[in-house]
Each structure stands twice: as C-alpha cells, then as structure tokens.
Amino acid sequence: MSKRRKSFAQRLSLIVIALISVLFVGVLAIVAQTCRHLIADEATKSAANLLDATIADVEKELHSVEVAAANTAWMVEGHEGDDAYLQNLTRKLVESNEHIVGSAVAFVADYHAGRHYYAPYSWIDAETGEVKSTHLGSEAYDYFLMDWFQIPALTKKECWTEPYYDEEGGEQWICTYSRPLFDKAGKLYAVVTADISLEWLSSKFDSIHPYKDSFTVLISRNGSYVSAPDRSWLRGATIFSVAADKEDKRAWETSINMVKGLKGSAEFEDGGKSYFGVYGPISNGWSASIICPYSSVLARTTEMNLVVLTVALAGLFGLFLLCRASIERAASPLRKFSESAMSIAKGNFHTKLPEIKTEDEIMQLRDSFDYMQDSLTQYIQDLKTTTAGKQRLESELNIAHDIQMQMLPKNFADITLADVYADIHPAKEVGGDLYDVTSRKDMLYFAVGDVSGKGVSAALIMAITRSSLRFVGGHGVALNDMVGKINRSLSENNESGMFVTLLLGRINTETRLLEYCNAGHNPPVIIPRNGDPYFLPLIPNLVVGVMDDFQFEMQSRQLEEGDTIVMYTDGVTEAEDPDKNQYGEDRLLAWARTVTPEMTAKEATDRLSADLKRFTRGNEQNDDITILIIRT
C-alpha cells in the first residue's frame, strides 16, 4: 500500500504554522512592547492636550492681569500728583481683579519735588483679606533697584519678573507684571505694576493629575519655579538646581529646552523609577510641564497582554484553516499577477490582467490591479497638467516681479538736488516694500514703506500706496495732511485688515531743513558729516490703513551739508543668521560708523547690503529688504 502524499496546500499550511509557532514567543514580545509604546504615546498625547488646555487657561488669566494693568496705566496720565487718586486707582485694580494681590504706581526718582521716592501701593492682606494701601520706597527698600522697576525702565517694555518674596507690601511670594509709562517726549516717568500670588498659580497647576502620582511645574523665563509640588522650591530654587541633583542627564536637557521656550516631551529616570514629561511655553516667556510615572500609566498592561495572547492563539488556528483551504487555489493566479505587476512597475500601465472567474479575494485583487492601472494613468496625466500650470504661475509671478520693480524709481541720475540711491530685495517673487524719490524746484520728496505680510496681496497694497503717494503729493502740502489722505484712502473697504508702515519726508535743499511724518515705520539713521550716527527721533503715529480719522503729527530737524539719511524697512534689522540672531539696530549703527564722507549713496547702499549678506551667512531671507540713502 503506497504512502499517501500530502497536498501542496497542506504542506505549505503546516510550514506556515510551524514558522509562526516558532516565532510566536517573539511576536508576543513585540506585541507587548508595541502595546506599551502605544499606551505611552497615548498617555503623552493626553498629557500634552491637558497641558495645552491649562496653558491656554493660564494665558487667558495672565492676559486679564496685563489688560487690567494696561487700563490702569492709561488712567494715570494727568493725575501724576494726585495722591488720593493714585491710591484709589491701585486699590480699585486690586479689588476688581481676583488674581491681582497688589498694585503700585512707582514714579522715577525726584519726579515730585521733595519726594525722592513716590510709589502709591495697595495690596491684599494675606491674613485678613482686607485691601490696604501705603507708599513704597525708603533707604531700606530702594524700589529703583528692584527688578519690577529696573527691567521695564531699561528695556522700555512691559515684562513679568522672576518670583520674589514681597516683604514691603503683601509679605508673600509673588510675580509682578510691570508696564512703563512715558511722557510725550518719550521719557519714562513711572511704572505701573500688578502682583499675582504664586500660591494661586500653584493651586491652579496642582489640580492637574492626569495619572496617579503625576505632578506639574511652572517656571519663569530664567528657570525659577513659579509653581512646583515642593513648595520649598518656590523660595529660590531653579529648575537647573533641581535637575543637577538628578542622575539622568535628560532631565537637564529638558530644563534647557523649557527655558528656551520649546515645546516637546521627554523621558528620564529618577530614584529607579521611569517618568515621562510634556512641556510647552506660555506667551509671557514662562514654561509649564506635566510629569507622570510610567508605572501609573502601564498598570493595566499585563491584562492587555493576556487579551493579546488569546487573540493571537485564535488567529493562529484560523490561519491554519485558511491556508489549507486557499493556498492551492490561489497559487496559479498569484504568479500571473506577479508578472503583471512587474510589467506595470516598468511603466506599461495597460498590461493585460489574468481573467478570474471565482468571486473571492483573488477577484478583488484583480479589481484592485485594474483600479490601480486606471489611477496611475490618471495620476500621470494630472501630474503633467499640474506641472504645466505651476510653470505658468511661476512665469506670471516673474512678470509681476518685473512690473513691480518698474514701478519704483531706478534712474537716480535725474535727481540733481542730492546724492540718492535705493535698493530693494523682495523675500518672494513679489513683495510689499516700497520707496519713492522725486524733486520739485528746491524740494526733495522721499518715502519708504512696508506693507504687512508678503506675497501678491502685499504687492497689490504696495502698488496702491505708491500711486496714492504720487496722487496726493504736491508743493506746499503739509506732510501730515498727505499721510492722512493716504490713510483715509487705504482705510476704506480694508476688509483684509492689512496696513502699511510709512515714513514720508522732504528736504529743502537750500536751507537743508528736513520735514518728516512717521506712520509706525522704523527710525532712519542720521550720519552727520562730523559726528556719531544716531536714530532720528520719531513720534509714534499709527500705521496707515487702520483708522481713517487718525490725526498724524509732522516733525522737522535741521541738517548740515554732507549729512546722510539712511532709511530702511524692518527686513534689514530683523534679518537672521542661521542661529536665529537678528541683525538689529546696534549692528546698523556700527555699519553707519564705517560710512565716510567720500562715499556716494550707492557705495553706502552696496556696503550695507554686503554687510547683511555676511551676517546672514546664506540664511533664507524671511522679509522684504529695502534701503534708501540720501546724502545732502
């Protein structure tokens, strides 16, 4: 009696099952590890979403503090010497905002005759809850040296201080929002403050517990703790001093990223336990983080592994039955499909597919191949059409670039009243920067502007603005009236919300009197023939295109023969090197000191462009760059 031979389908099924059985333990380990990573990833995403929501909530409340302080700052003007009014003002600010525990209006030294220190202050007594008032400032408490006064005084910008203990007022750990006040000459005369309690912020973050034993931290821009699970950390500890005690260097790297204002996640170990954390920046320069132990997140992983094991065993048995029933029938058409697939891969999308009569997975596979052939053919056709359309668009943008450049004056040889030269480099094919120079009798008119945004929309606004300049310009017309007419023209039907920064001026070449009107533009650099360069003082008028009835103010300054005026857009000072450092106003002044009286306006322009190119070191230009230089 002959030995019965096993069928191909049976033998192949047994081989498949044998291989799967051998690898089963490895597969189970991979599945378990994959489940662990999936759960960890989902936990990280969940914590990140919770952190983002909390940050948004905190930013909203911090913004309310900033807005309240800003509103108070407006109310100080005109009442600088009214002590009762100022005390009541700080008191109202504390009473009307649940998060503000103290407020002061601190004036600069000797602002009021006979009073070296003058700072009306109100705060909430931590024990009684009553709002009290006093005056800050003494030899023992010289508030001129405090961060909340010095930083805005030096930077001339509002800021949040590092956490500190307020001994003079509320006697509690606080952070202060400071907003400087300036007189009409732009000189600092006082600082308005709003204090928030660290206990309030700590309780806000303490309520976040996405998992058991998780905790949150909130740090300032320099790494000092604003909120932490250990209240002792709020009294001088920084995230770096705590991270230095950890064995895992990843905790130190995470601390650096948080101070840099980055957003991300990290894993590290501490005391033999594994943790993961998510962190993100807050708009005022602070950073927050949620830290969770993996042991809490993966507590039910073992139960999930048992479920996976049961499903895998059931699948193994079902696979054996399926292989035995299907492999023999599927082998022949699969080989033909392989040949067809090879032909299609070589580019023959019209390859004839084998005929399948059975209505099963092989039929579906054939239909899929048929659909793939049609899709590939349509895709190639669409790709050709898209490529042609892109080439046409690029051609049209190049034409638009040429038209835009032709709108700007290039031939400065016709201007005999002064040595003039200008250069413009759009960040894209078309841009939103503009300049104009023209002369009438003994008057030299000039303008430099920058449209908000870039690209085609900015180029359209640029064209409208330049046309308006030529339309409203005229001998004897006040510059502020000219700017006002342009403003009203752009403000009408400005549904896009775009605006223009503009500097308009004229020079009497006989008397060298410079008259100018600024609309939110960068201050020009004046390079005297004999003397150090300086920025031309500007009145902070509103930008053009926002408020149609805004009243612009004009200024004037007497120039000397040989003085040079350097006008530019913010693409110059905000040009970045590969390390994200900006060119800035200090480097612009340093360049201005290298300009000699013998240089022409073109030579000075070329020299500034070359200095920008050296600084950026090939970094991609992120904004339009325009330079206009006039030498009287």
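**Cavities, pockets and a helix pair**

A cavity, on a 1 Å grid over the protein atoms alone, is a set of points where a 1.4 Å probe fits but cannot get out, and lining residues have an atom within 4 Å of a point. The model is a predicted one, with local features needing pLDDT of at least 70 and side-chain atom pairs counted only at pLDDT 80 or more, while totals for chains, interfaces and linings use all residues. Residues are numbered from 1 along each chain as its sequence is written, and side-chain values use heavy atoms, with hydrogens and water left out.

Searching the whole structure turns up three cavities of 30 Å³ or more. The largest cavity holds about 120 Å³ of space, a volume being the space filled by probe spheres set on the points, with grid points joined across faces, edges and corners. Twelve residues line the largest cavity, and Asp436, Thr438, Tyr445, Leu469 and Leu504 are the closest to its centre. Strand E14 (433-440), strand E15 (443-451) and helix H10 (456-472) each put at least two residues into this lining; E14 has the largest share, with four. These elements are DSSP runs numbered from the N terminus (helices are H or I, at least four residues; strands are E, at least two).

The second largest cavity comes in at about 60 Å³.

Next come the pockets, where a pocket is an open set of points with protein on both sides within 12 Å along at least five of seven lines. About 1,400 Å³ of space sits in the largest pocket. Phe182, Asp183, Lys184, Gly186 and Pro540 are the closest to its centre among the 31 lining residues. Helix H1 (8-76) and strand E6 (173-182) are the elements that give two or more residues to this lining, and E6 gives the most, with four. By class, the lining of the largest pocket has 14 nonpolar, eight polar and nine charged residues.

The second largest pocket takes up about 340 Å³. Of its 21 lining residues, Phe215, Lys246, Ala251, Phe268 and Ile291 lie nearest the centre. Elements giving two or more residues to this lining include strand E8 (215-219), helix H5 (239-244) and helix H6 (249-259). The lining of the second largest pocket splits into 15 nonpolar, four polar and two charged residues.

Last up is a helix pair. Helices H13 (residues 584-592) and H14 (residues 601-616) pack at about 135 degrees, with their axes 11 Å apart. That makes H13 oblique to H14, the label for angles left over once those under 35 degrees count as roughly parallel, over 145 as roughly antiparallel and 65 to 115 as roughly perpendicular. Axes are lines fitted to C-alpha atoms, for helices over the stretch in contact, and angles run from 0 to 180 degrees between N-to-C directions. From H13, Arg587, Leu588 and Trp591 meet Ala604, Arg607, Leu608, Asp611 and Phe615 of H14, contact meaning heavy atoms within 4.5 Å.

Technical notes: Nonpolar A, V, L, I, M, F, W, Y, C, P; charged D, E, K, R; others polar.
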